[in-house]
Amino acid sequence: MMDIFKRYGLKTVVIHHNYEVEYMMSNKSIFTFKGLFPYFISKIEGNAYKKADINCFLTNEDMNLLHQEYGKNRSKNYLLGVFEPSPISLKEPTKPSYRNCLVLTGSLCDYQTYHSVEIFEKSYLHLMLKEYPNVKIVMAGRNPHSSILNIRDKYPKTITVVPNPKDMDAVVEQANIFFCPTCIGGGLKLRLMDGLKLGLPVLVHKVSARGYDVFYDKPYFQVYDNVDSFLRGLQSISDFIKDTPNYKQEIQSTYSSFFSYESGLQRMKLIFSDLL
């Protein structure tokens with residue numbers, strides 16, 4: 001398609017949702033068999049990256065990955081990020097129903113989600129329960145995979161699964177920490193927005209922290225990649241919640257500064273002005 005556009009002298013803007021080959025290989029399916037499908041994805045993605053007038057990215061990490069994979073291009077590259085699709089008023093912060101309650105959301109049937117939960121259960125959960133025996137974990141999302149239900153059944157006092165919730169905000173508001181253990185895949189994990197826009201502190205695996213750079217230096221946004229950093233992050237967030245009475249408003253304010261419709265629209269205007 002890109003070659004056809006260029007033949008007719010059309011200006012082109014490509015929005016890269018992720019480094020697609022990385023995403024395909026992390027979400028195993030019949031299409032990744034013997035690497036044939038990712039090979040063609042790489043050809044198409046590389047052609048678009050090299051020949052577009054403007055490339056937009058959701059994360060800095062993806063921008064760097066495509067540069068490493070496909071080399072220099074003739075385009076201008078911009079960080080677009082993600083933002084709300086329309087103007088919204090963020091909900092008034094509410095008091096969580098439970099203390100020491102982590103909530104994770106997403107499509108619980110996707111490989112990257114349930115496999116990451118399996119890793120969390122194997123490597124982290126028992127150590128967390130030693131430090132926080134009364135912790136609760138709520139997993140909410142579409143069509144929970146059997147492995148998630150099996151883990152719930154092993155820890156019935158700790159884990160609750162909410163399949164296909166009609167009101168995700170109502171589920172998330174019950175918790176006081178948003179948790180994302182997804183440790184494979186690429187691009188930006190939209191599910192973190194579920195927690196941040198409601199003012200919840202976030203404990204997130206480093207793979208899923210991509211695209212949330214505006215929060216990296218915040219005490220309520222803790223990134224982990226091993227057991228020690230996980231437990232430190234959980235303790236840091238617990239201390240922050242105790243020491244900061246209006247923490248939800250602070251989190252929502254930072255969220256709006258980059259993820260609001262108005263903020264995204266300004267970035268879009270700056271990017272498209274380069275086409276004129």
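These legends walk you through a few close-up views of a predicted model.

Residues are numbered from 1 along each chain as its sequence is written, and side-chain values use heavy atoms, without hydrogens or water. Local features need pLDDT of at least 70 and side-chain atom pairs count only at pLDDT 80 or more, while totals for chains, interfaces and linings use all residues.

**View 1. T182 in its loop.** Look for T182 between strand 7 (177–180) and helix 8 (191–196); helices (H or I, at least four residues) and strands (E, at least two) are DSSP runs numbered from the N terminus. T182 counts as buried because its relative accessibility is 2%, where buried means under 20% relative accessible area, exposed over 50% and partly exposed in between (1.4 Å probe, protein chains only). Beyond its neighbours within four places in sequence, T182 is in contact with residues including Q112, K189 and H205 (contact: heavy atoms within 4.5 Å).

**View 2. The largest nonpolar core.** This core has 57 residues, and M128, M139, L192, L203, Y212 and F221 have the most contacts inside it. Such a core is a set of buried Ala, Val, Leu, Ile, Met, Phe, Trp, Tyr and Cys residues joined through side-chain atoms within 4.5 Å. Helix 5 (residues 111–131) gives the most to this core, with 7 residues.

**View 3. Around F221.** Not counting residues up to four places away in sequence, F221 touches L192, V202, V204, A209, Y212, F215 and Y216.

**View 4. A second core.** V21, I41, F57 and M63 are among the 8 residues of a second, separate core.

**View 5. I4 in helix 1.** Here I4 sits within helix 1 (residues 2–7). With a relative accessible area of 37%, I4 is partly exposed.
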